[in-house]
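Here is a short briefing on helix packing. Look over the sequence and the model before reading on.

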Amino acid sequence: MLLSKERIPQVALMEMNDIHFEEIDLLNNLYDAIKNGEPIERVKELFEEFLADVVYHLEFENNAMKETGFFAYPMHRQEHEMRLSELRNLKESFYATNNKDLIANYLEQKFVPWLVVHVPTMDTVTAQYLADYL
């Protein structure tokens, strides 16, 4: 396991908490599969599930912020776009090489450090705002 759910604080909007916790489960499943030497086909399957979940996660937040006129929408969306760009590049590199360590390193060095800062800062403020509207 790379990330425990306890490291991610709950926010004011339950839908966001559910999305965060599902993403942590998928992230850990992917990471564990890599570290346990599971076949490349299984890692690809788990990677695709994780990617789809991250896209859903970020689109959910982006749409909710846009619909409610959240004041920090442009800045928050930009952070999401940076993560998606990184993940698209990672996918391209991974599929070109089948190097599972690329994913493990990205999760360890980029995604998890970003998530443990992003949720208590940007997502907490966003959720508090959205909870008043949704």
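**Helix packing in a predicted model**

Helices α2 and α4 pack with their axes 13 Å apart, at an angle of about 20°. The two are therefore roughly parallel to each other, an angle under 35 degrees being the cut-off for that label. The model is predicted.

**α2 with α4**

- The crossing of α2 and α4 is left-handed.
- From α2, the contact takes in Ile-40, Val-43, Phe-47, Phe-50, Val-54, His-57, Leu-58, Glu-61, Ala-64, Met-65 and Thr-68.
- From α4, the partners are Lys-100, Ile-103, Leu-107, Phe-111, Trp-114, His-118, Asp-123, Thr-126, Tyr-129 and Leu-130.
- By class, the contact of α2 with α4 holds 14 nonpolar, four polar and three charged residues.

**α1 with α2**

- The axes of α1 (residues 14-35) and α2 come within 9 Å and cross at roughly 160°.
- That angle makes α1 roughly antiparallel to α2, since the label applies over 145 degrees.
- The α1–α2 crossing is left-handed.
- α1 contributes Glu-15, Met-16, Ile-19, His-20, Glu-22, Glu-23, Leu-26, Leu-27, Asn-29, Leu-30, Ala-33 and Ile-34 to this contact.
- α2 contributes Val-43, Leu-46, Phe-47, Glu-49, Phe-50, Asp-53, Val-54, Tyr-56, His-57, Phe-60 and Glu-61.
- The contact of α1 with α2 divides into 14 nonpolar, three polar and six charged residues.

**α1 with α4**

- The axes of α1 and α4 lie 11 Å apart, at an angle of about 170°.
- α1 is thus roughly antiparallel to α4.
- On the α1 side, the contact residues are Met-16, His-20, Glu-23, Ile-24, Leu-27, Leu-30, Tyr-31, Ile-34 and Lys-35.
- They meet Lys-100, Ile-103, Ala-104, Leu-107, Glu-108, Phe-111, Val-112, Leu-115, Val-119, Asp-123, Ala-127 and Leu-130 in α4.
- The class count for the contact of α1 with α4 is 15 nonpolar, one polar and five charged residues.

**Helix α1 on its own**

- α1 has 22 residues and reaches 31 Å from its first C-alpha to its last.
- That reach is close to the 32 Å expected at 1.5 Å a residue.
- Gly-37 follows α1 and has a positive phi, near 70°.

**Helix α3**

- α3 runs over residues 73-97, which is 25 residues.
- At 1.5 Å a residue α3 should span 36 Å, and its end C-alpha atoms are 36 Å apart, so the two agree.
- The buried residues in α3 are Tyr-73, His-76, His-80, Arg-83, Leu-84, Leu-87, Leu-90 and Phe-94.
- These buried residues pack against α2 (40-68) and α4 (100-131).

**Asn-98, after α3**

- Asn-98 follows α3 and sits in the loop between α3 and α4.
- Its phi is near 60°, a positive value in a residue other than glycine.
- Most residues other than glycine have a negative phi.
- Asn-98 counts as partly exposed because its relative accessibility is 37%, which falls between the 20% and 50% limits.

**Ala-52, in α2**

- Ala-52 lies in helix α2.
- At 46% relative accessibility, Ala-52 counts as partly exposed.
- Ala-52 and Val-112 are 60 residues apart in sequence. Their C-alpha atoms are 17 Å apart in space.

Terms used. Residues numbered from 1 in each chain as written. Predicted model: local features only at pLDDT ≥ 70, side-chain atom pairs only at ≥ 80, totals over all residues. Heavy atoms only, no water. Helix = DSSP H or I, 4+ residues; strand = E, 2+ residues; numbered from the N terminus. Expected span 1.5 Å × (residues − 1). Buried < 20%, exposed > 50% of the residue type's maximum accessible area, 1.4 Å probe, protein only. Contact = heavy atoms within 4.5 Å. Axes fitted to C-alpha atoms, helices over the stretch in contact; angles between N-to-C directions. Parallel < 35°, antiparallel > 145°, perpendicular 65-115°, else oblique. Left-handed = near helix turned anticlockwise from the far one by under 90°. Nonpolar A, V, L, I, M, F, W, Y, C, P; charged D, E, K, R; others polar.
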